[in-house]
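Hi everyone, thanks for coming. Let's take a short walk through a structure together, and please follow along on the screen.

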Amino acid sequence: MSALTDDLPLLTVDRLGKNYGSRIGCRDVSFELYAGEVLAVVGESGSGKSTLLSLLSTQLQPTAGAIRYRMRDGSVRDVFELSQAERRFLMRTDWGFVHQDAAQGLRMAVSAGANVGERLMAVGDRHYGNIRHAALDWLGRVEIEADRIDDAPRSFSGGMRQRLQIARNLVTNPRLVFMDEPTGGLDVSVQARLLDLLRGLVADLGLSVIIVTHDLAVARLLSHRIMVMRQGRVIETGLTDQVLDDPREPYTQLLVSSVLQV
Amino acid sequence: MTTLHPGYNFAYLDEQTKRMIRRAILKAVAIPGYQVPFASREMPMPYGWGTGGVQVTAAILGEGDVLKVIDQGSDDTTNAVSIRKFFEKTAGVETTTETARATVIQTRHRIPETALQEGQTIVYQVPIPEPLRFLEPRETETRTMHGLEEYGLMHVKLYEDIATHGHIATTYAYPVKVNGRYLMDPSPTPKFDNPKMDMSPALQLFGAGREKRIYAIPPYTKVVSLDFEDHPFEVNKFDKPCALCAAEGVYLDEVILDDAGGRMFVCSDTDYCETRRAEGHRGEMLGEAPAFVSREPAE
């Protein structure tokens, strides 16, 4: 895959930190993410993984460190030095964000087709037929029947909403997608189907993904690399299979062994 | 000029308030389509009756002005009559129903059929100035969207129209882009009137009293109605001419005549219709008034 042979990192995170007053949100997080790579961030509640994701997606301002992103034109920019207009443009073209609660990432009152088409219209597509065609195409790719295109996501099941949210994000061919517990709140069989779909899309499109999850099975299935967080710090990082099969840190060992084996 | 009612300042508002509103108007004219906040006052009428338009009119009215007030195109419905009387009483200005004679026209949801001229000012009463409001409820967010010219969301609304109805079904408050920059709600005028806003020689002012916003289109400014390439903007079309004056290419109101499906379509602009009838145009349903009915309304 050509995307993987790119020798420059897509995203470089350098000693990123965020304090909430005297409390630590996260501290000293550094990593590089290459095109086509899937990174899982795992840890228990309060370990700082959500703070990290908010920082990465520029929803929070860091108190220390920097994030550099290689733009589509090849230039490397510090994302916090982008103007508000540039950052918002990045968020709706080259980046995607899949929320745990689909209602946060979708417009619940407008149809599925308009949800998918919104990003296209935001970047200036003014041809109804083309927008509709792209929406149909993407609904098909996330396994939503074409005859649901004019239904509002209110009438969709949890799994369908999540798939619609993914389609809405991917329609502009982003290179980097953030996912916050994308399978949270879904039952096991729906989770499995969604994971299957995600795995296929990520591989087909060569997406880079940063996925935050507390579910080690999700990390195992989707990610190439894993970062284990505890109390705001990264305590262990490595290839997913390596870390999960042979955890080095006592806390990671505890985390891995606390997964129920059926 | 009628005698001024004692106890009122000219045009009801005090001079400081009028200056404040004029400053907002100047800013609005300088940035076409931009919603300028202003300290809207309580007016002696309820919100929704045109408190925004009345304040703008009060701020721009001079003693020599001739005022025309219309409500849905009509000079003689409650809202128009009340506002006209209000200014007769508090400003003592001359009022008229003739579009061509008026220097200031306050309107609720129509632009007169007679083309406006240079030197005329039309004041619109606006209920909700923010075109993105029903799509994005947060004011902070809509302001950012205006600031960064992020107007994709408005097309989501038009997309929904086509997906649901097969065509753009928005018939009033049809969103426009002013001077290639700001997205603007032309107040709930029928989209039939949108093309009249484009390159109009008259100054167009918009006042929203409850929402405390003023915006403007200066004379000869480009106003473009939003659309899709494959679903271009179209104005409403009517099958028949006006039933009273036989005018074509004008905006018609439907009037229900009985409970058996009888109806007629007549000009919504009453002044235009009356002028045409006086010129001898006759629609198919125009009858003769009985002899005891005076043909000239008492002035």
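Where is the place of A:G232 in chain A? A:G232 belongs to the loop between β9 (225-230) and β10 (233-239) of chain A; strands here are DSSP runs of E of at least two residues, helices are runs of H or I of at least four, and both are numbered from the N terminus.

A quick word on ground rules. This is a predicted model, where local features need pLDDT of at least 70, side-chain atom pairs count only at pLDDT 80 or more, and totals for chains, interfaces and linings use all residues. Residues are numbered from 1 along each chain as its sequence is written, chains are lettered from A and ligands numbered from 1 in the order in which they are written, and side-chain values use heavy atoms, with hydrogens and water left out.

Now, the rings. Over all chains, the count comes to 15 aromatic pairs. One of them joins B:Y8 and B:Y12, with centres 5.8 Å apart and planes at 45°, so this pair is tilted. To pair, rings of Phe, Tyr or Trp (its six-membered ring) need centres within 6.5 Å; planes under 30 degrees apart are stacked, over 60 edge-to-face, and the rest tilted.

B:Y12 also forms a tilted pair with B:F86, at 5.3 Å centre to centre and 55° between the planes. That pair links the segment before α1 (15-30) of chain B to helix α3 (residues 78-90), 74 residues apart.

Is B:F86 buried or exposed? B:F86 is buried, at 12% relative accessibility, while B:Y12 is partly exposed at 26%. Buried means under 20% relative accessible area, exposed over 50%, and partly exposed in between (1.4 Å probe, protein chains only).
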